[in-house]
There are 2 protein chains.
Amino acid sequence: MARPREFDIDEAIEKAVEVFWAKGYDGAALPDLLDGMGIARGSLYKAFGDKKKLFLRVLKHYDEVAVAGAVDLLTDRQEPDGGKRIARLFDSIIEAVRNGDRRGCLMCNAAAGPASEDPDIGKVVSSMLARMTGAFAAALRDSEHGQQLASEARKAEAESLTASYVGLRVLAKAGASIDRLRAAASAAAARAVTVPAQT
Amino acid sequence: MARPREFDIDEAIEKAVEVFWAKGYDGAALPDLLDGMGIARGSLYKAFGDKKKLFLRVLKHYDEVAVAGAVDLLTDRQEPDGGKRIARLFDSIIEAVRNGDRRGCLMCNAAAGPASEDPDIGKVVSSMLARMTGAFAAALRDSEHGQQLASEARKAEAESLTASYVGLRVLAKAGASIDRLRAAASAAAARAVTVPAQT
DNA sequence: TGGGTTTGGGACCAAAAAGTCAATAATTCA
DNA sequence: TGAATTATTGACTTTTTGGTCCCAAACCCA
């Protein structure tokens, strides 16, 4: 029915992810997006409505790819030790930085930016963060340390690991040296294999 | 010499802090700043040069007040237990949120935003973060847990606590519930009074 | 009192922002 | 083939952006 779209919507979203990731929500101007996505102004507005709706699609895509990747890593029982899964996730952050990626995490950047004050965007960001926390909790259930914790304490630990994750990615973006990031990451991950003192 | 300035520079900066804190660097438009600071366009440019230079002054002020406050809390030996000092800092974050403050932390927001890619701004943000890490390290030296750590491991722990701090403030800004924040904060602070397993 | 100097205020500017639209092109279906 | 429908394009509009500039006002010093 009628003229078919000449570009692939998902491909365009993927490219938009890159632009928003590199420049932030406010910082990504329409021409940036247009160039990055390889489409014209009118096409963008026809296909996505407006900049904010496009950003919501971008966040959804990031959720389905990047966040889902982290969640998979944390919940994949092929590695039976949840502590090791957590350590692996933190390692992957360092690895990204070592490969020159200083963009941080789109979700984290959005959370810290003014965009998160928008109700629609805030809701999506919150739900992604909650998914991360759920995955950390699942990993903890399979970890030496986590198994010694009561359900409440384990949830708290999962929240704290989420905070560490977010903080680490922000520090990476802020230009912290690899050494400092590695130190922070390993100390954070150590919690998953560390036993609290019996005071 | 000539006409004196009619407004107080420091007061104006303090008000600018509020605006940048509330709206972010990109989000704070000139009229926002002008309204918030109660001065006219010409005065702002005459006194501060341009928006970026004003932001650098704002960051410096934030460093001298907010960051210095956190550093003081972490290094004040009136409370001899560094672990308790760390716990107190994390508590203060929760307290701020409980009082309705969801702005997060100006330094953290700047770190996660595109502003941090500017060399001048990035440098200032990095140095503030480094100051936080130094203060965490000092607190750890006075804590049960930290004293059991080698110097290297303690530095790593301090980096990790900085990440937790940043993450926590970002999560607060992203709208995480008080309960979740409290859980994350207490689990993070627990590290300062927790002993690693002797594996 | 008056010259020199700096500030205050706001009109003004060019560039850039997001978003609209009408003309054209590509497709399906009858 | 032609009517209907939808996509593409880029020029256009409106608003807002950060920044400049000029004139009047306020101060110091002689």
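1. Contacts along the chain. Among the contacts in chain A that join residues at least 6 apart in sequence, 68% link residues that are at least 24 apart. This is a predicted model, and the values below should be read with that in mind.

2. Make-up of chain A. Chain A holds 10 helices and zero strands, so that the order of its elements from the N terminus on reads α-α-α-α-α-α-α-α-α-α. The C-alpha trace of chain A spans about 70 × 40 × 30 Å along its principal axes, and of its 199 residues 48% count as buried.

3. Relation between the two copies. Chain A is superposed on chain B by a rotation of 180° with 0.0 Å of shift along the axis, and the RMSD of that superposition is 0.0 Å. The two copies are thus related as by a two-fold rotation axis. Which residue of chain A comes closest to the rotation axis? That residue is Gly167(A), whose C-alpha lies at 1.9 Å from the axis.

4. The contact between the chains. Chain A contributes 45 residues to the contact and chain B contributes 45 residues. On the side of chain A that touches chain B, at least two residues each are supplied by α6 (106–112), α7 (119–141), α9 (151–173) and α10 (178–190) of chain A, and the greatest contribution, 15 residues, is that of α9(A). By class, the residues on this side of chain A divide into 22 nonpolar, 15 polar and eight charged. Because 100% of the interface residues of chain A are also interface residues in chain B, the copies meet through the same surface.

5. The surroundings of DNA strand C. There are 25 residues around DNA strand C, and the closest of them are Arg3(A), Ala29(A), Ala2(B), Arg3(B) and Gly42(B). The residues of the surface near DNA strand C comprise 13 nonpolar, three polar and nine charged.

6. The surroundings of DNA strand D. Around DNA strand D there are likewise 25 residues, of which Ala2(A), Arg3(A), Gly42(A), Arg3(B) and Ala29(B) come nearest. Here the elements that each supply at least two residues are α3 (41–48) of chain A and, from chain B, α2 (30–37) and α3 (41–48), while α3(A) gives the most to the surface near DNA strand D, with five residues. The residues of that surface divide into 13 nonpolar, three polar and nine charged.

7. Ser143(B) is found in the loop of chain B between α7 (119–141) and α8 (144–147). Is Ser143(B) buried or exposed? With 25 C-beta neighbours inside 10 Å, Ser143(B) counts as buried, the cut-off for a buried residue being 20 or more. Leaving aside residues up to four places away in sequence, Ser143(B) touches Asp81(B), Gly82(B), Gly83(B), Ala192(B) and Val193(B). The C-alpha atoms of Ser143(B) and Ile86(B), which are 57 residues apart along the chain, are separated by 9.2 Å.

Methods
Residues are numbered from 1 along each chain as its sequence is written. Chains are lettered from A and ligands numbered from 1 in the order in which they are written. This is a predicted model: local features need pLDDT of at least 70, side-chain atom pairs count only at pLDDT 80 or more; totals for chains, interfaces and linings use all residues. A residue is near a molecule or strand if its C-beta atom, placed from the backbone, lies within 6 Å of it. Helices (H or I, at least four residues) and strands (E, at least two) are DSSP runs, numbered from the N terminus. Ala, Val, Leu, Ile, Met, Phe, Trp, Tyr, Cys and Pro count as nonpolar, Asp, Glu, Lys and Arg as charged, and the others, Gly among them, as polar. Copies are superposed by least squares on the C-alpha atoms of residues with pLDDT of at least 70 in both. Two residues are in contact if their C-beta atoms, placed from the backbone, lie within 7 Å. A residue is buried if 20 or more other C-beta atoms lie within 10 Å of its own, exposed if 12 or fewer, and partly exposed in between; C-beta atoms are placed from the backbone.
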